[in-house]
Amino acid sequence: MSVTSLSASSQNYLKAIWSLGEWSDQPITPSLVAARVGVRLSTASDAVRKLTDQGLLHHTPYGAVALTDQGRAHALMMVRRHRLIETFLVDVLGYRWDQVHEEAETLEHAVSEFLIERIDEHLGHPEHDPHGDPIPRADGTVTALEAITLTALGTGARARVARISDEDPGLLQFLAQVGIGVGTIIETRAGAPYSDSVEVVVNGQRMPLGRSASDAVWVTPDTPESPAPAGGDD
C-alpha cells in the first residue's frame, strides 16, 4: 500500500499522530488526535479503528495510539511533503512564514512524488523548513532536533532559536515583527511576578513573552566559545 492510495483524511490522521509524538512524550490518545485534526472524538475514534484494521496503527481499547512501521513510513512521507512545500513557498514564491501552513495542508495531498523530489532537488535538499522543523529524507529517516521550549529554558540563559511552532499564524507575525526567528540569539530575564511570562532580550531590546509564546518557541542553549588557554610550562 502506497501513501497515495490512502484518502486525504487517512493521510491527515497519520501525519497528525506522528506530529503529536514529535515534540512530546505524552501518550497519544484518540482525544488528542481529535483535537489535533479538529474533529469530534467519535469521528477520530472511527478513523483510528479503520487505520488499525488496515495495519497502520496499534491501538487497544482505552489505550494509547501508535503508528506501525508502515503507518510511520506513510506519516513521514506526508510530513516531508508538507515541509518541503512550505519551504518552496517561502524560498521561491516569496510567501511569509505565517502564510504557508494552510497552503501546504491543501497541496500536500495533490502533488506527486516526482514533483516533491524535484522541489527537494531545486531547494538543495534543505534539512529544515522555515519554522525550523526537520524535513524527513526520501528514505524515511529524520534527524531529531535537540531543543527545549523557551519556557523550560529558565531565566538568566542565552540560547539560539531552533524551531517555532506554526500552529498560530498570528504569533508568527508578531515574532517576525519583534525580530525573533529561527537562528535568533536571545537572552532570558525573569518576567513580572505572577505574570506567567519571561522577558527576552533580542538585539538589545527587552520584551515580555507570555506562556503561549514561550511554549511555541524551541531553543538550544548557546554558549559562547571560550578562548583557547594560553600556552606555558607545566
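Trainee: How many residues sit between β6 and β7 in their hairpin?

Mentor: There are 2 residues between β6 and β7, and asparagine 203 in that turn has a positive phi of about 55 degrees. Strands here are DSSP runs of E with at least two residues, helices are runs of H or I with at least four, and both are numbered from the N terminus. This is a predicted model, where local features need pLDDT of at least 70. Residues are numbered from 1 along each chain as its sequence is written.

Trainee: And how many bridges join β6 to β7?

Mentor: β6 and β7 (residues 205-210) run antiparallel and are joined by 6 bridges; strands pair if DSSP finds at least two. Serine 197 has glycine 210 in β7 as its bridge partner.

Trainee: What joins β5 to β6?

Mentor: 4 bridges join β5 (residues 185-190) to β6 (residues 197-202), again in an antiparallel run. Glutamate 187 is opposite valine 201 of β6. That hairpin has 6 residues between its strands, with tyrosine 194 in the turn at a positive phi of about 65 degrees.

Trainee: Switching to helices. At what angle do α2 and α3 pack?

Mentor: About 110 degrees, for α2 (residues 30-37) and α3 (residues 41-53), with axes 8 Å apart. The two are therefore roughly perpendicular, a label for angles of 65 to 115 degrees.

Trainee: Which residues make the contact?

Mentor: Pro30, Ser31 and Ala34 from α2, and Leu41, Ala44 and Ser45 from α3. Contact means heavy atoms within 4.5 Å. By class, 4 of the residues are nonpolar, 2 are polar and none is charged.

Definitions and conventions
This is a predicted model: local features need pLDDT of at least 70, side-chain atom pairs count only at pLDDT 80 or more; totals for chains, interfaces and linings use all residues. Side-chain values use heavy atoms; hydrogens and water are left out. Axes are lines fitted to C-alpha atoms, for helices over the stretch in contact, and angles run from 0 to 180 degrees between N-to-C directions. Angles under 35 degrees count as roughly parallel, over 145 as roughly antiparallel, 65 to 115 as roughly perpendicular and the rest as oblique. Ala, Val, Leu, Ile, Met, Phe, Trp, Tyr, Cys and Pro count as nonpolar, Asp, Glu, Lys and Arg as charged, and the others, Gly among them, as polar.
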